[in-house]
Amino acid sequence: MKLKRLLICGSAALALAGAAQAEPVKVGMITTLSGGGAGLGVDTRDGFLLALKNAGDAGKQVELVIEDDQQKPDVAVQIADKMIQSEQVDVLTGIVWSNLAMAVVPAAVAQDKFYLSTNAAPSQLAGAGCNPKYFSVSYQNDNLHEAAGAHATDAGIGKVFIMAPNYPAGQDSLAGFKRYYKGEVVSEIYTQVGQTDYAGEIAQIRASDADAVFFFLPGGMGIAFMKQYAESGVGKPVIGPAFSFSQDILPAVGDAALGVRNTAQWSKDLDNEANKAFVETFQAEYGRLPSLYAAQAYDTANLLLSAVAKADVGDADAFRAALAEADFPSVRGKFRFGPNQHPIQDYYVREVVREGEVLTNKIIGPAMADHGDAYAEQCKM
């Protein structure tokens, strides 16, 4: 099987006046660059590369190998094995999908490789399955859905129909929503991963007495559902996490997304200098607005660079300590790691709006402040 491969090589160690520079770090990025989920991986790749470029000489301390996992767990495992055994990478990153993360991450950290998650953060890796070499820089899978549940409660929505794909992130999604939603869940259904026809689910929504619909359907799944739902005329309001209304899919969803509220830990209108610079340079570099996936990857690269500046990756304890400090300017503003090396951060309610000819999101209020995750106490590092 021929895999797409991109190699970006940094320079050798750079001399710093009066001080020795840490050895360059080799990073393997496994992400989705083809198929229905390609937009998520493309933004992940582009956000990470932009951070390296914006860092100037410091960014040249990273040698980056990128390959396409095709959204297939077996392909991701093959790539990871090659990167670890042949490429001899120091750090792995980039996986979008939680089923792929569960196939790759436990084996990678068991082989003493660091894994920095730009997106997927399944509950199994946040609790008893935590590991000193695994950091989630994005969130814990439940988090954005917990924020949506809290928002639905605050908005006085009494009955909700909930739906997600049947894979680890989908299961975490509905568990998270229910954890903070205090109304009645009238129906809970799981769809197939990669499903594109939602006529049956929409019929169930129509027949229900739900006041609203909460759904988590990332990438092409969300595009298909929203278009079909709008055409159905059911009319019940929808709520989702940012994944269902991310910048990368809004052009394809179109006006059906206008006015929909969704929850996120990042938005392009967050008022901090790091975010302003990120959004401006991303638009200049790629000619489009960044998505949540790009923002998370940008932060991941800057976290990595902050650790490279302080410690040699060959000294695992020192490098882990440098990562744990999270000493970088996050596009999210406040950012720190909890005891299980998952973020503690703020979450917001966003609304899809039109700015000129472009559909995008704007923050309309807070959802949760300094929020961690439900699994940290199970982590025994």
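The largest pocket has a volume of about 200 Å³. A pocket here is an open set of points on a 1 Å grid over the protein atoms alone, with protein on both sides within 12 Å along at least five of seven lines. Its volume is the space filled by probe spheres set on the points. The model is predicted, so local features need pLDDT of at least 70 and side-chain atom pairs count only at pLDDT 80 or more, while totals for chains, interfaces and linings use all residues. Residues are numbered from 1 along each chain as its sequence is written, and side-chain values use heavy atoms, with hydrogens and water left out.

Start with the lining of that pocket. Lining residues have an atom within 4 Å of a point. There are 17 of them, with G235, K236, P237, V238 and V260 nearest the centre. Helix α7 (220-232) and strand β10 (238-241) each supply at least two. α7 gives the most, three residues. Helices (H or I, at least four residues) and strands (E, at least two) are DSSP runs, numbered from the N terminus. By class, the lining has 11 nonpolar, four polar and two charged residues. Ala, Val, Leu, Ile, Met, Phe, Trp, Tyr, Cys and Pro count as nonpolar, Asp, Glu, Lys and Arg as charged, and the others, Gly among them, as polar.

The second largest pocket holds about 150 Å³ of space. Its lining includes A51, N54, Y298, N302 and F328. α10 gives the most to this lining, with four residues. Seven lining residues are nonpolar, three are polar and none is charged.

Now turn to the charged pairs. Side chains of opposite charge can pair when their charged atoms come close. A salt bridge is a side-chain nitrogen of Lys or Arg within 4 Å of a carboxyl oxygen of Asp or Glu. The count comes to 23 salt bridges.

E67 pairs with K82, the closest N and O atoms being 3.0 Å apart. E67 sits in strand β3 and K82 in helix α2, 15 residues apart. E67 is buried at 1% relative accessible area, and K82 is partly exposed at 32%. Buried means under 20%, exposed over 50%, partly exposed in between (1.4 Å probe, protein chains only).

K133 and D112 form another salt bridge, at 3.8 Å. Both lie in loops, 21 residues apart. K133 is buried at 14%; D112 is exposed at 53%.

D346 meets K334 at 3.4 Å, N to O. D346 is buried at 17%, whereas K334 is partly exposed at 47%. Finally, D43, R45, D46 and R288 are linked in a network of salt bridges.

Terms used: 1 Å grid on protein atoms, 1.4 Å probe; cavity = no way out; pocket = protein on both sides within 12 Å on 5 of 7 lines; lining within 4 Å.
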